[in-house]
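Morning, everyone. Please have the sequence and the model open.

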Amino acid sequence: MDKKVFFTATLLSQTHKPLPRIRKVILLLVLLGLLMFGCAPTTQVVLLPDPDGKVGILEVSNVKGTQTLNQAWQATESASMDRTPSKPEILEETKVRQVFQEALAAEPIPPASFIIYFRMDRATLSPESLSLLTKVMEAIQVRKSTDIIVSGHTDAVGSGEYNRRLSLRRARAVADILVAGGIDRENIHVTYHGKGNPLVPTPDGVPEPRNRRVEITVR
Amino acid sequence: MRISLIAICLLFICCIGTATAEEPRAGFVKNVSGQAFIERNKVMTSAKAKDRLMENDVLVTGQSGSMGVILQDNSVMSIGSNTRLVISKFMFEPADEKLSFVAQIKKGTVVYLTGLIAKLNHSGVKFETPAATCGIRGTHFAIKVEDPGN
């Protein structure tokens, strides 16, 4: 950092005749440098296990170097941009939970996604689909969700217009069951895509059961 | 003459259409407790559940506040008290391969669980603090930035 400031200062004094004002500028630059680098607030980064227990990878870098975190509860600290982040070290879970108590308590449950399949040219739900919908209801209740996206799709058999209507009928059928189960319709956003958004792309006219579906996202 | 008038009218309608159609949305507030605010264009308003979040919004909490948000790519983020976080960039348009989320943490505590952006673009999610940059590849983590005022 000192080098940087010094370099800028020399540059200034080379390009201009040294004036008293220059001194002020240099002083200001040094102060700025100190503010930016010298007293930068320390950053602590901790890798947490995913909700499903898996552990990802995190790279913490600054001008001076990079540290990679790849174990649960592993942490590194960086005191400023011009000092290498500290060697990763595994912290006690209870301590991490204490430091991040408020943020962890406020962490929303991650959104959940569901797919309900339909028989060819049908917009009625099979018994299996109905039992999957009870899982959807649970997901809505546990999240107190006010943001439920229901999107209808078809396979590539039939005209675009026909499939748009079919996909809307499918999405509405699902939405209606959720409403019948006590969900506020205002919280459900129905969209329909016809054959335009297949899960498994096929040439036009090809039947594909995996594309006859309604996708539900509960957030 | 007539044709050009129609063209101008059409152009006008198109402009209105694009202006109101889709303001890019970054996400929404899921829960709040205590003093929690959204700062947009330098104006602070109290945050409440279902509030929508945009690029360049600043999430702010006071001494006793906390806030949880869900972003459009289904990632989830929460902040503890005395925190200031800027959503400096948010793009989630998978069809156009525009996938990026950059947050700046000025101070406080943040917990983040990645969503689709990190899954589809390995260098798409970044958290910047005054002393470091965190690049994330699909994971769950916590960051604390000391209050520079302390």
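First, a term: buried here means under 20% relative accessible area. And keep in mind that this is a predicted model.

By that cut-off, Phe101(B) is buried, and Phe127(B) is buried too. Now, how many aromatic pairs does a search of the whole structure find over all chains? The answer is 6.

Take Phe101(B) with Phe127(B). Their ring centres sit 5.7 Å apart. The planes are at 85°, so this pair is edge-to-face. Where are the two residues in the chain? Phe101(B) is in strand 9 of chain B, residues 98-113. Phe127(B) is in strand 10, residues 125-128.

Phe127(B) has another partner, Phe141(B). Here the centres are 5.3 Å apart. The planes are again at 85°, so this pair counts as edge-to-face as well. Phe141(B) belongs to strand 12 of chain B, residues 140-145, while Phe127(B) is in strand 10. The pair therefore ties together parts 14 residues apart in sequence. Buried or exposed? Both Phe127(B) and Phe141(B) are buried.

Ring pairs join Phe90(B), Phe101(B), Tyr112(B), Phe127(B) and Phe141(B) into a cluster.

Over to chain A. It has 6 helices and 9 strands. Of its 219 residues, 38% are buried. Look at contacts in chain A between residues at least 6 apart in sequence: 62% of them join residues at least 24 apart. The accessible surface of chain A is about 12800 Å². Carbon and sulfur atoms account for 58% of that surface.

Note on methods. Residues are numbered from 1 along each chain as its sequence is written. Chains are lettered from A and ligands numbered from 1 in the order in which they are written. This is a predicted model: local features need pLDDT of at least 70, side-chain atom pairs count only at pLDDT 80 or more; totals for chains, interfaces and linings use all residues. Side-chain values use heavy atoms; hydrogens and water are left out. Rings of Phe, Tyr and Trp (its six-membered ring) pair if their centres lie within 6.5 Å; planes under 30 degrees apart count as stacked, over 60 as edge-to-face and the rest as tilted. Helices (H or I, at least four residues) and strands (E, at least two) are DSSP runs, numbered from the N terminus. Buried means under 20% relative accessible area, exposed over 50%, partly exposed in between (1.4 Å probe, protein chains only). Contact means heavy atoms within 4.5 Å. Accessible areas come from the Shrake-Rupley method with a 1.4 Å probe; for residues, only the protein chains shown count as cover.
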